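Biologist: I have a chain open on my screen and would like to go through it with you. Can we start with the helices and take the rest as it comes?

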Amino acid sequence: LLSGRETVGSSNMEDDVNLKFLQQLLLIGENLVAEDVSALKFLCIDLLPFGKLENVKSAMDIFQFLMDEDYLNKEDTFLLAELLYRMRCYSLLRKLSYTKDKVQECLHEKGRVSPYRQMLYELSLNITNEMLKDIIFVLRDCLPKRQTTLSALELLIFLEKQGLLSENNVQKLEEVCMYVSPDLLEIVNCYKRTKVCNFPSFNVLWSNYKHTGEKCLCVLKFFELSEQLECFRESFNLGGQKLTSIDGCCGAKTGVIPLTLSTQQCISFSLSFLQKRSYKMDGPHRGFCLVINNVNFGSSLPKRTGSCRDAEELQRVFTWLGLDVKIYEDLTSQQIEDLMLTWQRLPDHKDRDCFICCILSHGESGAIYGNDAKVVSIRKIMSHFTAKQCPQLAEKPKLFFIQACQGRAIQCPVYIEADAQTPALSSMQQSLSLSESIPEEADFLLGMATINGYVSFRHTEEGTWYIQALCSNLQLLVPRGEDILSILTEVNEEVGRRVDRLGTKKQMPQPAYTLRRKVIFPIPKEPPPS
C-alpha cells in the first residue's frame with residue numbers, strides 16, 4: 001500500500017514538473033512576435049527538417065518540433081536558452097532560470113547553433129531596409145521576378161535553397177556585401193577567419209574540435225601535406241607531437257590528422273594564424289600605456305570623484321597585458337601638451353609593439369580639459385604620434401581611450417555625475433566631430449566614452465561606466481583571442497544597456513579607427529587581475 005502511494009505521489013510530482021515546463025514554454029511563446037518566430041525558424045534550420053519549419057505558424061510549433069527531436073525537454077532547456085540568447089531576448093532567459101552570462105559560459109560546451117548560422121543571422125540584423133533593396137537589385141538575375149519583397153532572412157534562405165550559399169561557400173555573399181557595405185563584408189570575413197584559418201598548405205577546421213577534459217582534439221586537414229611537413233613543424237610548436245611523414249599519421253589516407261592539445265595550446269595555435277592579419281605583438285616589450293587622471297579642477301569645474309577607481313583599474317589591466325603603465329594626475333592643458341611632446345620624442349618606442357594613452361577628465365566636443373579648465377584638442381594630442389612626428393611608432397597600433405563628456409552637462413541624481421563643463425560652448429568646440437579628431441593616417445584607434453554632443457556618466461564610488469566596461473571586457477575577451485574592435489563592440493553593448501538609477505539617462509560609446517590590421521593582445525600567462 002505504501003509503495004502504491006509513493007508511486008502515485010511520484011507520478012503527481014512528475015505531472016507538476018511537466019506542467020510547469022509547458023507553462024514556461026507558453027509564457028516564452030506569448031512574448032515572441034512574428035519577427036522573433038522567423039528568427040527562431042532560421043536559427044533551427046540546421047537542426048530541424050526544413051519541410052517542417054516551412055509550415056510553422058507560432059513559436060510553440062517550433063518548441064514542439066524541438067521536443068519531438070529530443071533537443072528540448074524539462075531536464076534540458078539549454079538549446080532554447082541559446083536560441084533566445086542569439087536573438088537578444090535576454091529578458092526571457094529568466095523564465096528558463098538562465099542569465100546571459102550563464103548561457104555565455106555554457107556555449108562552448110553545449111552550443112548547437114553553428115558558426116555559419118550565427119554569421120547569417122548576425123548579417124540579417126545588420127542589413128538595413130536600404131541595404132536590402134540594394135542587395136535585391138544586385139541579385140536581380142538570381143531572383144524570380146516576383147521575389148522583390150523578401151526580408152533579409154527570407155533572402156538568405158532563398159540563396160541557400162538555390163545552392164548559392166552554404167557553410168563552405170560564401171563567395172556570392174562576399175560579392176554582394178562588397179558592393180553594398182564594408183561592414184557586412186567584415187561579418188562574413190570574420191566568419192571565414194574563425195572557421196578556416198588559411199596557411200599555404202592546409203586548413204584548420206575549427207568546427208571539427210571537441211573538448212575532452214583538459215585537452216582539445218584539433219583536427220587538421222592538409223592538402224599536399226607531404227611537401228610541407230617540414231615547414232609546418234618549424235612554424236608551430238605542437239606540444240612535442242612529431243609529424244615526420246604522412247604515412248605515420250592515422251589520417252594518412254584522408255589527409256586529416258587529429259592532434260591532442262591543451263585548451264591553451266589550441267587558443268595560441270589559432271592566434272598564430274591570425275597574426276598574419278594582425279599587428280605584430282611579439283617584440284621584447286609590449287609598449288607604454290599613459291593614464292592621465294584629472295580629478296581636481298579647483299573652482300572651475302566639479303571634482304571628478306570616483307575617477308581614481310578607473311585609473312587603478314586601467315593600471316591593473318594594462319599591466320596584466322604586458323604594458324608599462326605610467327599614471328599622471330591633475331595636469332594643466334599645457335602640461336598635457338608638454339607630456340605628449342616628451343613621449344613623442346622617446347626613443348624607447350622602437351622596441352615596443354604598441355602605444356596606449358588613456359585620458360580621464362572633463363571634456364567638450366572634440367576636446368578634453370586640463371585641470372586649469374582650458375581645452376586641449378583630442379586631434380592635437382593624437383597627432384604627436386603620427387609616423388612623421390614619432391617614427392619609432394610607425395606601422396604600430398596607437399590606441400587612445402577618452403573618458404570625458406562630448407557635450408553639455410546635465411542634471412544627474414546622487415552618485416551619478418557628468419564629465420562635462422557648465423560654461424557655454426564656443427562655436428569651434430561645437431563643430432568638432434569624432435572623425436575630425438583622428439589624424440588622417442593609418443594605425444590609430446580612438447575609443448570615446450560617448451558620441452559627440454552627449455554626456456558620459458561616472459559613479460562616484462565605482463568609476464565610469466565606460467572605463468569599467470572596457471577593463472572588464474579586456475579581462476574577459478583577451479584570453480579568448482578577441483581583437484580590440486570586437487572587444488569595443490561588447491563594451492558598446494554593455495554600456496548601451498545601462499541606465500542611471502532613475503532609469504532616465506543612457507550612454508553610448510563610440511570607437512573610430514584607421515587601423516589596417518587587427519589588434520590582438522597576446523594571452524597573458526597570469527590569470528586576469530581580480
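**Helices, strands and cores**

Modeller: Helix 19 is mostly covered, with 11 of its 13 residues buried. Bear in mind that this is a predicted model.

Biologist: Which residues of helix 19 are buried?

Modeller: Trp465, Tyr466, Ile467, Gln468, Ala469, Leu470, Cys471, Asn473, Leu474, Gln475 and Leu477.

Biologist: How far apart are the end C-alpha atoms of helix 19?

Modeller: They are 18 Å apart. At 1.5 Å a residue, 13 residues should span 18 Å, so the two values agree.

Biologist: And helix 20, what covers its buried residues?

Modeller: The cover includes helix 19 (465-477), along with strand 12 (398-403), strand 14 (444-448) and strand 17 (510-513). The buried residues of helix 20 are Ile484, Ile487, Leu488, Val491, Asn492, Val495 and Gly496.

Biologist: What span should helix 20 have?

Modeller: Helix 20 runs over residues 484-497, and its 14 residues should span 20 Å at 1.5 Å a residue. Its end C-alpha atoms are 20 Å apart, which agrees.

Biologist: Let's switch to strands. How many of the residues of strand 8 are buried?

Modeller: Nine of its nine residues, which are 352-360. Strand 8 pairs with strand 6 in the parallel sense over eight bridges, and there Gly287 stands opposite Cys354. Strand 8 also pairs with strand 12, again in the parallel sense, over six bridges. In that pairing Phe355 has Lys398 of strand 12 as its bridge partner.

Biologist: Back to strand 6. In what sense does it pair with strand 7, parallel or antiparallel?

Modeller: Parallel, over six bridges, with strand 7 covering residues 324-329. The bridge partner of Phe288 there is Asp324 in strand 7. Strand 6, helix 14 (residues 307-320) and strand 7 make a right-handed β-α-β unit.

Biologist: Is Ser278 buried or exposed?

Modeller: Its relative accessibility is 4%, and buried means under 20%, so Ser278 counts as buried. Leaving out residues up to four places away in sequence, Ser278 touches Arg517, Lys518 and Ile520.

Biologist: What is phi of Ala373 near?

Modeller: It is near 65 degrees, a positive value in a residue other than glycine. Most residues other than glycine have a negative phi. Ala373 lies in the loop between strand 10 and strand 11. Its relative accessibility is 26%, so Ala373 counts as partly exposed.

Biologist: And Asp443, what is its phi near?

Modeller: Phi of Asp443 is near 80 degrees, also a positive value in a residue other than glycine. Asp443 is in the loop between helix 18 (434-437) and strand 14. At 5% relative accessibility, Asp443 counts as buried.

Biologist: Different topic. How many residues are in the largest nonpolar core?

Modeller: There are 69 residues in that core. Those with the most contacts inside it are Leu32, Leu48, Phe63, Leu66, Leu84, Met119 and Leu173. Domain 1 (16-113) and domain 2 (118-197) each supply at least three residues to this core. A second, separate core has 38 residues, including Ile356, Ala449, Ala469 and Leu488.

Biologist: Take Leu48. What does it touch?

Modeller: Leu48 touches Leu53, Ile62, Phe65, Leu66, Glu69 and Tyr71, not counting residues up to four places away in sequence.

Biologist: Last one, for the whole chain. How many helices and strands are there?

Modeller: The chain has 20 helices and 17 strands. Of its 530 residues, 48% count as buried. Among contacts between residues at least 6 apart in sequence, 72% join residues at least 24 apart.

Key: Residues are numbered from 1 along each chain as its sequence is written. This is a predicted model: local features need pLDDT of at least 70, side-chain atom pairs count only at pLDDT 80 or more; totals for chains, interfaces and linings use all residues. Side-chain values use heavy atoms; hydrogens and water are left out. Buried means under 20% relative accessible area, exposed over 50%, partly exposed in between (1.4 Å probe, protein chains only). Contact means heavy atoms within 4.5 Å. A nonpolar core is a set of buried Ala, Val, Leu, Ile, Met, Phe, Trp, Tyr and Cys residues joined through side-chain atoms within 4.5 Å. Domain bounds come from an automatic or database domain assignment. Two strands pair if DSSP finds at least two bridges between them. Helices (H or I, at least four residues) and strands (E, at least two) are DSSP runs, numbered from the N terminus. A crossover is right-handed if, with the strands pointing away from the viewer, the path from the first strand over the helix to the second runs clockwise. The expected span of a helix is 1.5 Å times one less than its number of residues.
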